[in-house]
Amino acid sequence: MPKTPLTTRTPLRLASAVLLTLAALNIPAAHADEVTPVAVTVDARAALSAVPETGIGANHAIWDSRLGTDETADLLKDAGVKLLRYPGGSYSDIYHWADHTAPGGYVAPGTDFDTFMSGARRTGAQAMVTANYGTGTAEEAAAWVRSANVTKGYGVKYWEIGNENYGNGHYGSAWEADDHADKSPAEYARTVVAYADAMKAVDPTIKIGAVLTTPANWPDGLTADGDDGTWNKVVLSLAGPKIDFVILHWYPGALDKAVHVPDMIDLTRRQIAAYAGSGASDRIGIAMTEFNTGSSSNGTNTQPGALAAADAYATLLANGVFTVDWWNVHNGIGAVTQVAGHTDYGDFGLLSSAACTSDGSVCEPPANTPFAPYYALRMMSAFARPGDRFVQAATDQAKVSAHAVRRADGSLAVLLINTSSDTSSPVTIGYSGFVPASGAPIVLTHTNGATDISRSTSGSATSRTLPPLSMTTIVVSPASAQTGLPGAPGQPAVSNVTDTTAAISWPAASAGPRPIAKYEVYHNNGAVAEQLGETSGTSFTARNLTAGTRYTVNVIARDSGGGVSWASPPVTFTTGTPATSSCAVRLADQSDWGNGYVGAVEITNNGAPINGWTLHFRWPRTWQSLGSGWSAVWTENGSEVKAVNEPGNGSLATGASTTIGFVGNYSGPNVLPAVFTLNGTVCATR
């Protein structure tokens, strides 16, 4: 069999991953009467992102001889795959579409572009094409657009420029082909602009995507010699006005990393807003065009990997990513292990390749046999359908995760994932902003080793027992028909954000039979939406906010009879620090190596002279810690960090400054501290 690009790239990914052993997921068995039920909370007033048409995606590759078969296309259709990416990872940067060649790689028969498009259409999926940046030209890419969309009418909307082009050796590691003499992010960005101009001259309706590094994943945060900043800063600054979406890849290497997603996506959006030009936040989308758990030791193709996949897909889509694309449809056998009572073949594919180990001692099941992650995609497509909207769901125990969507017919679907390997988990489900019907809900369940998703109408909407290593979707009807209610308010906007206030406005909701009496403004506060206030108009100033805090806000309409609308789409903003204060702090990330950085903290005294000072801040995330510090006496207690002056820098006259430093460690998206106090006073952060 051909050697796949993922086989050669896996060691790099695994070397940079933080691995979680399966044993860490095990919870000792307990008698039923000793088990404390997991409390699940679903809040229909805390709306998140809508489910996009292209949400469930997967990668095809030109070295896969089964790419064009009807059986493969039909299995992907059954899984609900709505986007297929071609021609396959790093092969994209050596592939020449016109003659269907990939010098230095293997091209299987029956994998040309027309065959791919035929399969995509049979699946019912849109196509995403990765144009060859590494060894191609803008003219070659434009000719591909012409052939696909003008000559053949395929209507391919999404076009990436290159694959993982930061892996071209510029930062030390090289796996991505790149014939450019200049391998810097600036050269990549300039070339993206040339590609975009040439390709959109052929078809102005297409969307162009540029490659970014994923926050907290190598080489994110690194600045190479001669560059004006990190890869993302340079690429967005130069190519931002020409692109329509950005591309992230994520191989977390552990099964509990979905918690990183909100910060990962928020940091990406902040970079887009900061560097990509006016209006970039509204027009540039985010695509996760490669995702896999990336850890054969924890279950690449067995149930733990499937549970991690469902959790990650749901979290990414709830946070506004417009497609998540599994790597990949077929991949091939890797390291063979036993995981959760089943053979894990170390195969990154959704479907079996029927491959064997080099000595022939172990072979995969027959070709196209679905692996466990395939059922994760099937469960996701049944749970979160295009047009549904995610709403906030949370649990009080880490062993169970929860997600929820509301549907146009007024029902809610709740996805529950039990990661305990040997313990059934009873759960109780509480609802806010929604009253469930008393009848039994529809229940979809996939358990460890199962070869299908079971369906029943059973139990109640408020309690259930989850089998070990299972994913369960329950579809709950409302207690009463959802008629005569006002429509949801439109997309809110935010302005004039300070440390404690924010001005929020929104398009008016459409009234039902009764007039709209007022609007209520909520923010997502953990498991439950917290009301910030109400107004009869379509604008509201939120007050008494906390400095340096990210808020996600929704608005609902209430009519004169008490009828309540669904929540508006969300708007997210982060409060700052006081505009003026007796102290000011500037934090600079002076150097970064992917899991740590040197922070320089400049402290300025704007008030009366100080003789002795204490600076205090809090780590925003649990995966951050203090490595060391200098020019002050540094201590850390949990998330609390304190720096006390040394004998030589304790006196600060009015207007005087001093600079201290620290090493900060992190193992997830590095959200920098934003709120500092000096001798108990909140400082202005510059």
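Biologist: Why does Asn292 count as buried in this predicted model?

Modeller: The relative accessibility of Asn292 is 0%. Buried means under 20% relative accessible area, so Asn292 counts as buried.

Biologist: Which residues does Asn292 touch, leaving aside those up to four places away in sequence?

Modeller: Asn292 lies in the loop between β8 (285–291) and α9 (303–318). From there, Asn292 touches Trp250, Tyr251, Pro252, Thr300, Trp326, Trp327 and Phe348.

Biologist: What makes the pair Asn292 and Thr293 a polar contact?

Modeller: The contact joins the two side chains at 3.4 Å. The cut-off is within 3.5 Å, and residues adjacent in sequence count only if both atoms are side-chain atoms. The contact between the side chains of Asn292 and Thr293 therefore qualifies.

Biologist: How do you know that strand β5 pairs with β4?

Modeller: Strand β4 (residues 126–131) is joined to β5 by 4 bridges, and the two run parallel. Pairing requires at least two bridges, so β4 and β5 pair. Val129 stands opposite Trp159 in β5.

Biologist: How many bridges link β5 to strand β6?

Modeller: Strand β6 (residues 207–211) pairs with β5 in the parallel sense over 4 bridges. Within β6, Gly209 is the bridge partner of Glu160. The chain passes from β5 through helix α5 (residues 185–202) to β6 in a right-handed β-α-β crossover. A right-handed β-α-β unit is also made by β4, helix α4 (residues 138–151) and β5.

Biologist: Why are both faces of strand β5 described as covered?

Modeller: In a regular strand the side chains alternate between the two faces of the sheet. In β5 (residues 158–161), Tyr158 and Glu160 are buried on one side, and Trp159 and Ile161 are buried on the other.

Conventions:
Residues are numbered from 1 along each chain as its sequence is written. This is a predicted model: local features need pLDDT of at least 70, side-chain atom pairs count only at pLDDT 80 or more; totals for chains, interfaces and linings use all residues. Side-chain values use heavy atoms; hydrogens and water are left out. Buried means under 20% relative accessible area, exposed over 50%, partly exposed in between (1.4 Å probe, protein chains only). A crossover is right-handed if, with the strands pointing away from the viewer, the path from the first strand over the helix to the second runs clockwise. A polar contact is a pair of N or O atoms within 3.5 Å; within protein, one must be able to donate a hydrogen and the other to accept it, and residues adjacent in sequence count only if both atoms are side-chain atoms. Contact means heavy atoms within 4.5 Å.
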